[in-house]
Every structure is written in C-alpha cells, then in structure tokens.
Amino acid sequence: MRLRKLTLRHFRNVVFAGLEFSGRQQFLAGANGQGKTNLLEAAGFLTALRSFRTAESKLLVGHGQSAAAVSFELEHERLGEAHVLIKLRRDGRELWCDSARVTRLADHLGKFPTVVFSSQDMLLVRGSPAGRRRWLDLTLAAMDAGYLAVLQTFSRALAERNALLKRGGADERQLAAFEQTLAPAAAELIARRAAGLLALSATLKSAYGQISGETEKAGLTYEPNFAEPSSDALLARLEVGRARDAQFRTTLIGPHRDDFQFAVRGTAAKDFASEGQQRSLVLALRIAQAAWFQAKSGVRPVLLADDVLGELDPERRRRFWGTIDAEAQVIATGTSPPDGALGPWQVFEVADGMFTEKPVGP
Amino acid sequence: MTPAFDKLQKHLKQLPGLGYRSSERIALHLLVEKPARLPALVEALEEAARSVRRCARCGSLAEGELCGICADERRDHAVVCVVEQVPDLVAIERSTAYRGMYHVLHGKLSPMHGVGPDDLNLASLFERMAASGVEEIILALSNDVEGEATCHYLTERLAAMGHTVKISRIGFGLPSGGGVLYADSVTLKSALDGRRAYS
C-alpha cells in the first residue's frame, strides 16, 4: 500500500494540510511541537480508527472546532486506487471508503495496515501490563475482525459480571448466566493471543538479531493470567472464585489481566536489558507487527517512523534500515535532515501546523 | 416562549427519540399549525391510558384480561416464543411464520444498566409453565451478551424447577435473498457456526 495524498482538516494543531506524496520515502522536518507527530497520528488512524497516542478521539479535534477530517488517497494492492475519508467529532466518528459509508469497524479492519514506530514504544518494555495488552489487542484486532468480535464479547460479559459483583449480594444464577458467555470468549482470546504472540515472537527474534548485530536470542513470552485455553476449565475456575470475586467486587481471573514479556537471552528485558538492547527490542517489535499485518492482510504496510531514528547510533540506524521491508513506504519525522545514504527523500518542512514541500536542492 | 408551551415541550422532549428541535416542532404543530387535531389526540391518549395494559398471561399489550393472541383458541398453545419487547413480537407476527404463543420479558438481564431478574416479566412465565400444557419454548432474544445470559438464566431456572420442556434458540445468519458477499463478517461467522446438515 502506498499513501499518495493525505489531507487533514482541524486535526489537533493542523488547521489544514494537503500533502501529495511521490516516491517511497517522505520526511517531515521541523522543530518540536510543530505538528510532525500529529500528521503521523492522522496517517496511523487509517488502520483501525485508533490513535497510537490516545484512547480519546475527542482530543484529536482542533481546539474550538466541532469536527476534524482526515482524507487518504491510496494505491492499494487489492483495491487499486482507494479513497478513505474519516470524520471525527467529539462524540463519534464516521468512515467513508470510496464514497460509501462504512458503519461496522469489522468491515474496515484488515485492509489498510500502517505501523507506527514511536519514541514512546520504550514504554512497551518498561511500562504497565495495560499498555502491552492495549498494543497486543490493537495489533491482533487490526487485521482480524474475528479477534475484535471475541474481544468485544469478552469485555461486555466481563463488564456485566463485574457490575453484578460491584452491587454486592449477587445471585449465583445470574453470575453463572454471564460466565456462560464470558468463559468461551476468554478461552478463544487466550488461544488467539498465544498464537499471535508466537508468530510475532518469531519475527521479532530475527529482526532483533539484524538490528542489534547480536547473536543472543530475543523473544516474547505470553504470561496469561489463566493459562488453560479451555472454556470448561475457566468456567470451573470462575465458579470456585465467586466468593473471592464477591469480596473484591471484581473478576480476579481472566485474560483481562494477561501480560507478555520481552526476553533477551532468556531473561526479562525490562530488568536486565541495556538501554540500547531495549531500543532494538521495540524496533524489532514494530517490524514484527508490520510482518504480521502483511501476512494477515496481504497488503504491504506503510511505516510511520516518529523521531525514532535520531535516538539510534549510526551503526544501529544503518542496520535498522537494512532490516525493514525495502519496498515499503516510509514516512519519517525528525528535527535534522534525513540520511542521504538511504536514497531520495521527499522532504516537507513543518512549522506551526503548516507543511511545505522543500524543493529538491542542487 | 410561553410557560404552558415550554411545559408541553419539556414533556415531549422526555419521550424516546425526541430531542429539543423535534419536540418544539411537535408542540408548534399541535398548538399553532393544526390545533384542530389536538382534541382527538388528547382523547386517544386518555382512552389508551385507561384501557391498554399488559396481558395477564404473556405481558404483551391487551385491552382485556388477555391479549388477542392469548385469547385465540386456534393458535398453538403448546409453543411459547420468548421475546424481549413488544415490537419483537410484532415483527414475528408480521412474518406470519409462527402460530404459537408469546411471552414478553420487557427487557433482558443487564447488571450494568441495573436490570435484574425481578425487573423482567419472568414470574408469569414460570406460572404458565407450572400450569402445564407448554411443550416447547423458543428463545427469540437478541444475539448479544445480555440476550445470551438471559437465555441461560431462564434455562437454568426452568431446570431447577424440574421442568423438562423442550427449549430452542432461534438461528442467526444470512438474511433471506441476501448473498454471502454482502453479509458483514460477524454475521458470516455466526452463520458458519450455526450451519446445519444439508440433505
């Protein structure tokens, strides 16, 4: 997939921007706080109508405006030339694909893969399990409407069961009624997460080797809160746990408490890996995500690199560029001009939400 | 505008589906544009409020003790189709595919929205079962978490009471006359899960 034209209106600090892309590599250059990342955020919104920075879409609408819009013109492996329009309001959003309204997110997922490389990715290694779960759910759901459906069923059943527990004095039969939907959805979620992480881990391992130049093994290990992907086993466990759950007024067991860890040489990366190793790990994770998207959708993802390259030493940076898909479109941001050795870049200068294409210099 | 007008508009706005603009439009229509229609509307409201109530057996709308369907001796009284709301019953009736009885729960279990078993029209269903004569229950509740939980709850309660009635769940899948191509992915999954032997 190649992004050929991107138009933003009232998106964060960008009042209006229309960028026409030619070639494979685009670079957005400018000082901090000018709107570079906002543009990448808008581009990344295409995949699953989610921002990589915030869960609240109302933050995306420009100050004092009632709605924002992002429009995409794309060259697509399966659809040919495609046009996608996303309208964002403070209370909701609308999606149009080739002038037809798309009302179910499930029908949109899996078509337009993008992967964001962000400097905040380090939080995936060091941060809370909730952040890792959010990343995993987004990655797996973005290409698989089946995963999204299971996740939604699970979350809804969990919220209903927790509402019962919160009120106190919950009747066993009502708890059982919601457990009947909760358990099969949870079991499927566990199985799908295990399979997804296994595939992601395999690509991460080879990408990490290439970026770091190290031979030691890296990987992802799934840490399910309830390890057995069996509906009956979980049903039995939930039933046994009712009294304790009632005491804590919430469901204590299940995939809503899952986690996964990054490992280098078999030890937990968040405790033992160096800064540089952790940086290589998250880059390898994003490369694994891109490979997963491509395998699932048959569409080559657009890579959105948000100021991550500046933090790498030249050697690692060179190896990173050697690792990514040589055919994939890359839209990168940074404060200093891009590496000329990486081939021709189309450069846009960013200042105060305005984007100006810089003519190719002599 | 005027105190009485504002009061009317405020009451209209509380009705489901009406916002500020539409309630204002209705109030203007009734008071200014077509005031001649007002007495008939007031009378209809009063009459309906006086005579329409829930059917003592199934919970649907009735003007006597029983609704038209429960009072109809030609219908099959051995089969009861359980639905969430009166409009669900109306939709099934419109299909003319069903000649049995109904039972309207007036909701589904949802602790998040504060709806428990006591808020549903369950007691009269259990009374109907105890009075016997019912051989099959068709659960025509919605295909979501709350609908499924309500089906499960109902089934468990009936089993605990020792009823051995046949219980079925309506199928979920492709709309008639609709191609596979145009079905959304969740419906397709449901249709595949619910496939049956073809002979």
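A salt bridge is a side-chain nitrogen of Lys or Arg within 4 Å of a carboxyl oxygen of Asp or Glu. The legends below describe views of a predicted model.

**View 1. The salt bridge between A:Arg156 and B:Glu146.** In this predicted model, the side chains of A:Arg156 and B:Glu146 meet with 2.6 Å from N to O. Across the interface of chain B and chain A, one salt bridge is found by the rule. On the side of chain B that touches chain A, two elements give two or more residues each: α7 (145–160) and α8 (185–193) of chain B.

**View 2. The interface of chain B and chain A.** Chain B brings 21 residues to the contact, and chain A brings 22 residues. The two chains bury about 1,800 Å² between them, and carbon and sulfur atoms give 66% of that area. Four residue pairs across this interface are in polar contact, with both residues at pLDDT 80 or more. Which element of chain B gives the largest share of the side that touches chain A? That element is α7(B), with nine residues. By residue type, the side of chain B that touches chain A has nine nonpolar, six polar and six charged residues.

**View 3. The two domains of chain A.** Domain 1 of chain A is made of two segments, 1–113 and 299–362, while domain 2 of chain A covers 121–277. The centres of these domains, taken over C-alpha atoms, are separated by 30 Å. Where they touch, 16 residues come from domain 1 of chain A and 15 residues from domain 2 of chain A.

**View 4. The interface of domain 1 and domain 2 within chain A.** About 1,200 Å² is buried between domain 1 of chain A and domain 2 of chain A, with 63% of this area on carbon and sulfur atoms. How many salt bridges does the rule find across this interface? Zero salt bridges are found between domain 1 and domain 2 of chain A. Five residue pairs are in polar contact there, both residues of each pair at pLDDT 80 or more. On the side of domain 1 of chain A that touches domain 2, the elements giving two or more residues are α1 (36–48), α2 (105–108) and α11 (314–323) of chain A. The largest share of that side, five residues, is from α11(A). The residues on that side of domain 1 are seven nonpolar, six polar and three charged.

**View 5. The fold and extent of chain A.** Chain A holds eleven helices and 15 strands. Its radius of gyration is 22 Å, close to the 21 Å given by the globule rule for 362 residues, so chain A is as compact as a globular protein of that length. The C-alpha trace of chain A spans about 75 × 50 × 35 Å along its principal axes.

**View 6. The domains and elements of chain B.** Chain B has a domain 1 at 3–51 and a domain 2 at 61–197. Between the centres of domain 1 and domain 2 of chain B, taken over C-alpha atoms, lie 34 Å. Chain B contains eight helices and six strands. Starting at the N terminus, the order of elements in chain B is α-α-α-β-β-α-β-α-β-α-β-α-β-α. What is the radius of gyration of chain B? Chain B has 21 Å, whereas a compact globule of 199 residues would have a value near 16 Å. Along the principal axes, the C-alpha trace of chain B spans about 65 × 45 × 35 Å.

Definitions and conventions: Residues are numbered from 1 along each chain as its sequence is written. Chains are lettered from A and ligands numbered from 1 in the order in which they are written. This is a predicted model: local features need pLDDT of at least 70, side-chain atom pairs count only at pLDDT 80 or more; totals for chains, interfaces and linings use all residues. Side-chain values use heavy atoms; hydrogens and water are left out. Contact means heavy atoms within 4.5 Å. Buried area is the accessible area (1.4 Å probe) that two parts lose on being put together, summed over both. A polar contact is a pair of N or O atoms within 3.5 Å; within protein, one must be able to donate a hydrogen and the other to accept it, and residues adjacent in sequence count only if both atoms are side-chain atoms. Helices (H or I, at least four residues) and strands (E, at least two) are DSSP runs, numbered from the N terminus. Ala, Val, Leu, Ile, Met, Phe, Trp, Tyr, Cys and Pro count as nonpolar, Asp, Glu, Lys and Arg as charged, and the others, Gly among them, as polar. Domain bounds come from an automatic or database domain assignment. The radius of gyration is taken over C-alpha atoms; the globule rule is 2.2 Å times the number of residues to the power 0.38.
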